[in-house]
Every structure is written in structure tokens, then in C-alpha cells.
Amino acid sequence: MDTMRERFISTTSRLLDEDPRLALVLAEITMDGFRPAQQQHPDRVVNVGIREQLLVGAGAGMALTGLRPIMHTFASFLVERPFEQVKLDFGHQGVGGILVSANASYDWAAGGVTHMAPGDVQLMDTLDGWTVHVPGHPDEAEALLRHAAAAGDDKVYVRLSNLSNAAARPVDGARFLTVREGSAGVVVAVGPVLDDVLTAVAGLDVTVLYASTVRPFDGAALRAAAARQDRAEVVLVEPYLAGTSTAAANDALADLPHRVRGLGVGRAELRKYGTAEEHTAAHGLDARGLRERITAFLAPAASL
């Protein structure tokens with residue numbers, strides 16, 4: 001199976017052939033994969049070099065001319081480093097485009113903290129009007145990329161990861177999917193954490209919702225699942241900063257008795273970088289860690 005990043009290359013190359021309005025802006029990262037596309041469309045595939053602020057600014061300039069730009073690099077260089085350009089050049093100027101990141105929270109652990117971005121979705125949450133997709137499989141990445149390319153002039157962030165679930169789900173760029181139903185709690189699994197969540201809740205009487213699009217947050221799906229319970233016990237499992245979506249979940253359940261627990265990447269920097277799998281375990285996001293924390297959270301409700 002190819003990776004999400006490899007699927008991004010093949011899908012975007014086809015999209016550039018299909019839609020003359022699309023343009024691609026790169027900052028060296030993944031440039032080798034796009035050399036054929038650059039030869040085919042030299043006016044719409046631009047490499048600005050290692051200048052991430054320029055990457056976003058150039059994309060916004062293209063949007064002002066009527067193009068729909070796709071801008072790509074690692075998440076830490078796409079969201080965090082040029083955040084002012086994302087805020088002003090797209091938000092303030094009122095233009096749309098597609099940010100596509102790679103390496104997610106700690107996918108390239110050996111790269112160190114400079115190449116990690118567990119806070120990217122929370123940072124994007126400070127801006128108005130951005131759709132955020134978090135695919136959990138290369139097939140979903142392709143579907144969501146195509147959805148973003150066809151989304152008029154919307155502002156879209158597509159967060160790609162090296163981690164992947166074993167199978168794709170039928171994502172539509174909007175709704176949460178009900179993977180299984182139960183009566184003792186609701187677990188929302190975001191993107192590539194779904195397989196570990198399903199292993200973790202085996203034998204537990206809980207509903208599992210799958211989210212590959214987290215902004216806008218599908219409060220209606222969460223509310224519908226929670227309303228079938230006497231008291232809503234909700235666990236959010238996100239592959240980025242823990243608690244990123246707890247406010248959105250609380251808002252969705254505002255008039256229902258409920259508790260929400262947000263699980264995700266911790267704030268403390270893990271300085272022995274190791275591997276991505278070791279980071280997953282250290283943050284309690286592997287199946288064993290999730291089982292312990294989900295059952296501990298649900299235990300008080302079970303005793304009522």
C-alpha cells in the first residue's frame with residue numbers, strides 16, 4: 001500500500017492535468033515526486049525553495065489572480081512557521097486555498113522537535129472558516145484532496161500522516177461515521193487512531209464514531225450518539241494535541257448532562273526522539289494505553 005504522501009503526489013498530479021485552475025506551490029519538500037508535473041505544467045507548479053513564508057504568500061497571490069493553490073510541506077513548516085501569512089494572506093484577504101501537510105505530529109520522530117507539529121490543528125482553530133481534514137488511510141486522503149480541490153474558494157487544511165488504519169472508510173468531507181454502537185459511552189476516533197481505538201474498546205459497550213473531517217466539527221452526529229444514553233460519556237481520541245476538540249464537543253452537548261475526556265498528544269516535549277511508535281505509546285495513544293484511560297474514565301459512570 002502506498003503512503004498518504006505518495007497518494008498526494010499521484011492525486012495532485014492528476015488534478016493538475018484535469019483542472020487548469022489548480023496550482024501547486026512547494027518549498028523543496030516532495031519536489032522530486034512532482035518533477036514530472038512541473039515539466040508538464042511549469043506555469044502552475046512552483047518551487048520557492050526553503051522559504052515557507054513565501055510558500056504561503058505566493059499561494060495567496062495566486063488565489064488573488066483566480067487560481068486555486070495547493071501549498072505543501074511538513075506540518076511544522078506549513079502551519080507554525082508561516083502562521084502570520086496563513087492568518088493575513090488568506091484570512092484577512094478573504095481568499096481560499098489548500099494547505100496539505102506531511103509528517104503530522106511526530107511521524108518523523110528522528111527529525112526532532114523542529115519537525116514535529118502536534119499543535120497544528122489547535123493553532124488553525126484560532127482562525128475563522130478553515131475546513132480541516134485528517135484522513136486515516138491513503139484512499140481517504142485521495143477522496144478528501146479531491147473534495148478540497150472542488151470546494152470552490154474555501155480554505156482547507158489536509159493533514160497527512162505516515163500512520164494509517166488498515167482499511168479506508170467511505171468519507172465525505174463532512175460527517176462523522178458510526179463504526180459501532182453501544183450504550184455506555186461514545187468514543188470519537190480521529191483519522192489514523194481508529195484501529196487502535198477499536199482494539200482498545202473491544203468488549204466495551206461503547207459507540208465509536210470516526211472523524212476524518214474535524215472542522216467543521218460534526219456536533220450533530222456526536223449529539224445523536226450521546227442522546228441515546230442516560231448520561232453522555234464522551235472520549236475524544238485525536239492524533240494531535242490532547243483536548244483540541246473538547247470545546248467543540250462541549251458546545252455540541254451543552255444542554256445534555258455529559259462529561260468529555262480529551263486524549264491525544266501531551267504538551268511535554270519527549271526529548272529522546274526514538275520512533276513514531278514509541279511516541280504513540282509514550283502519549284498513551286496505543287491500544288493498551290487507550291484501553292487503560294478509556295476504561296478509567298468510564299468506570300465512575302458505570303458505578304452510578
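**Charged pairs and overall fold**

Analyst: This is a predicted model. D32 is exposed, at a relative accessible area of 61%.

User: Which residue does D32 form a salt bridge with?

Analyst: Its partner is R35, with the closest N and O atoms 3.1 Å apart. R35 is partly exposed, at 39% relative accessible area.

User: And D120 and R159, how far apart are they in the chain?

Analyst: They are 39 residues apart, and the pair links distant parts of the chain: D120 lies in helix α6 (residues 120–124) and R159 in strand β6 (residues 155–159). Their side chains meet in a salt bridge of 2.8 Å, N to O.

User: Is D120 buried or exposed?

Analyst: D120 is buried, because its relative accessible area is 0%, under the 20% cut-off. R159 is buried as well, at 2%.

User: Which residues are linked in a network of salt bridges?

Analyst: The network links D2, R7, R14, E18, D139, E142 and R146. Within it, D2 pairs with R7 at 2.7 Å between the closest N and O atoms. D2 is partly exposed at 25% relative accessibility, whereas R7 is buried at 12%.

User: How many salt bridges are there?

Analyst: The count is 16.

User: Changing topic: how many helices and strands does the chain have?

Analyst: There are 12 helices and 12 strands. The radius of gyration is 19 Å, close to the 19 Å given by the globule rule for 304 residues, so the chain is as compact as a globular protein of that length.

User: What share of the residues is buried?

Analyst: Of the 304 residues, 55% count as buried.

How values were computed: Residues numbered from 1 in each chain as written. Predicted model: local features only at pLDDT ≥ 70, side-chain atom pairs only at ≥ 80, totals over all residues. Heavy atoms only, no water. Helix = DSSP H or I, 4+ residues; strand = E, 2+ residues; numbered from the N terminus. Rg over C-alpha atoms; globule rule 2.2 N^0.38 Å. Buried < 20%, exposed > 50% of the residue type's maximum accessible area, 1.4 Å probe, protein only. Salt bridge = Lys/Arg side-chain N within 4 Å of Asp/Glu carboxyl O.
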